[in-house]
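Here is a short report on one protein chain. Please read it beside the sequence and the 3D view.

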Amino acid sequence: ATLIGGKPGVELLVDREYASGPYRSRIFCFQEGPNVFIVDHTVPAARYDREKVVLDTLVESLLFGP
């Protein structure tokens, strides 16, 4: 588990192979009350490292009220 906006969550890294080439997905799942939220970022594998910092910044910026 990881902390997402101060809340516990799960991070998954999934590599997929399609006819158009390899893709990498980074998926964050977290719960706030009865609601479950999923952030799924999927890009061609060659772009993953370049765009990783953008997703990190987004996920770190998620804040929840009391």
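F30 lies in strand 3. Helices (H or I, at least four residues) and strands (E, at least two) are DSSP runs, numbered from the N terminus. The model is predicted: local features need pLDDT of at least 70, side-chain atom pairs count only at pLDDT 80 or more, and totals for chains, interfaces and linings use all residues. Residues are numbered from 1 along each chain as its sequence is written, and side-chain values use heavy atoms, with hydrogens and water left out.

The chain holds one helix and four strands. Read from the N terminus, the order is β-β-β-β-α.

Is F30 buried or exposed? F30 counts as buried because its relative accessibility is 6%. Buried means under 20% relative accessible area, exposed over 50%, and partly exposed in between (1.4 Å probe, protein chains only). F30 also pairs up in space with V10: the two are 20 residues apart in sequence and 6.5 Å apart, C-alpha to C-alpha.

F30 belongs to the largest nonpolar core, with F28, V39, L55 and V59 as the other members of the five. Strand 3 (21-32) and helix 1 (45-61) are the elements that give two or more residues to this core. A nonpolar core is a set of buried Ala, Val, Leu, Ile, Met, Phe, Trp, Tyr and Cys residues joined through side-chain atoms within 4.5 Å.

L55 touches R26, F28, V39 and H41, leaving out residues up to four places away in sequence. Contact means heavy atoms within 4.5 Å.

## A buried serine

S25 is also in strand 3. S25 counts as buried because its relative accessible area is 0%. Beyond four places in sequence, S25 is in contact with L12, L13, V14, R16, D40, H41 and T42. Two side-chain polar contacts of S25 are tabulated here.

| Side-chain pair | Polar contact |
|---|---|
| S25 and R16 | 3.3 Å |
| S25 and T42 | 2.7 Å |

A polar contact is a pair of N or O atoms within 3.5 Å; within protein, one must be able to donate a hydrogen and the other to accept it, and residues adjacent in sequence count only if both atoms are side-chain atoms.

## Whole chain

The chain has 66 residues, and 24% of them count as buried. Among contacts with a separation of 6 or more, 30% come from residues 24 or more positions apart.
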